[in-house]
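Here is a short briefing on disulfides. Start with the cut-off, then go through the pairs.

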Amino acid sequence: MTPTMRLVIVVLSALLPLSLSHGRDPLSWLYGRQSQGYFASLQADIASGWCPDECDCPPAFPIAMYCDGRGLTAMPSIPSHIKYLYLQNNAITAVSDSALMNATNLVWLMMHHNQLTSEAIGKKAFLNLEQLERVYLQHNNLTSIPSNLPRSLRDLRLNHNKIEKVTPVDLEGMDNLTILYLHDNVVTDMSTSLKALTSLTMLDISSNHLTKVPESLPENLHQLYLEFNSIDSVPEGFLNRFRQLQYVRMSHNQIKDNGIPPNTFNVTGLVELDLSFNKLERIPLVSATLQHLYLQANQIKEFTLGSFCSAVDVTSFSKLLTLRLDGNEISRGDLPSESSQCLRMASTIEV
């Protein structure tokens, strides 16, 4: 009898009296699919230690399968007990509808740095992966988000592909998703695709072809990265609806003064605001609680103290720690004498 089989027997023996005392099947907690055949197959997989020749399944971590960096061009067979599958850094070109059919226990699927195309991923490839939480598909050749991704996903990474459009259907029902990386694609339109992502806290859609801020951004965002697009304005009340947003990065866009409605960035809670490498001529009004402000490489011609402090006294001053104004049309001599009082907490001021 193998050590794994002994462990299973010991655990079941310990749980048997407790389960019987509740008048139910003592093994029901293990039946993922309410099927004795399913459990028997899963137990046999683990006990046998079966693993494809081209991969490694460490005995000390039998629920993980390492196939990364093996020069694979096709999907290997996957034992049903595997939860963590590492297929990155290969040359895999396709995921058929049946490729993951046996892998119903998957929690992590790592397929970044392959040669996947959208046309070569089956519409039902991910359909039965009801426990899947993390999918890495960055650095492939995808032109759209794969169909029928599980609603259980928490972390989805699709950056460095060729995705052109994101539709509401692509992300429908993903109310568990907290991290979404879509940067370094060619997205021009997101319509209202993000509306359903009620748990999303991290959204990176930088380095795309967006000309406006996406509509219906999730209210629980903590980090929003929009840099390296072609955005020239922000909506009225852009930041008012967010409850936890602390980091906003919009550098390397086309934003001008008339594209920023009054008080847009004068919101409490914001910790970092990056508007560098845009076309601003004035310093926008920001909250006194903001800690880091990046405005370098704009066309700012005047240092307006009122952008930071409505009044300056013992209790009223800016909490800024970092202020970058270098690469504009002002010099340190343009700073008014009162700036040392208003910005008394700043440890870095670059002009």
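A disulfide is a pair of cysteine sulfur atoms within 2.5 Å. Searching the whole structure turns up three disulfides. This is a predicted model: local features need pLDDT of at least 70, side-chain atom pairs count only at pLDDT 80 or more, and totals for chains, interfaces and linings use all residues. Residues are numbered from 1 along each chain as its sequence is written, and side-chain values use heavy atoms, with hydrogens and water left out.

**Pattern and terms**
- With bonded cysteines counted along the chain, the pattern is 1-3, 2-4, 5-6.
- Buried means under 20% relative accessible area, exposed over 50%, partly exposed in between (1.4 Å probe, protein chains only).
- Helices (H or I, at least four residues) and strands (E, at least two) are DSSP runs, numbered from the N terminus.

**C51 and C57**
- C51 is joined to C57, S to S 2.1 Å.
- The S-S torsion of C51 and C57 is about 70°, so this disulfide is right-handed.
- C51 counts as buried at 18% relative accessibility, and C57 counts as buried at 18%.

**C55 and C67**
- The sulfur atoms of C55 and C67 lie 2.1 Å apart in a disulfide.
- This pair links distant parts of the chain, twelve residues apart: C55 is in the loop between helix 2 (36–48) and strand 1 (64–66), and C67 is in the loop between strand 1 and strand 2 (84–86).
- C55 is buried at 5% relative accessibility; C67 is buried at 0%.

**C309 and C342**
- C309 and C342 form a disulfide with sulfur atoms 2.0 Å apart.
- The torsion about their S-S bond is about 90°, so the disulfide is right-handed.
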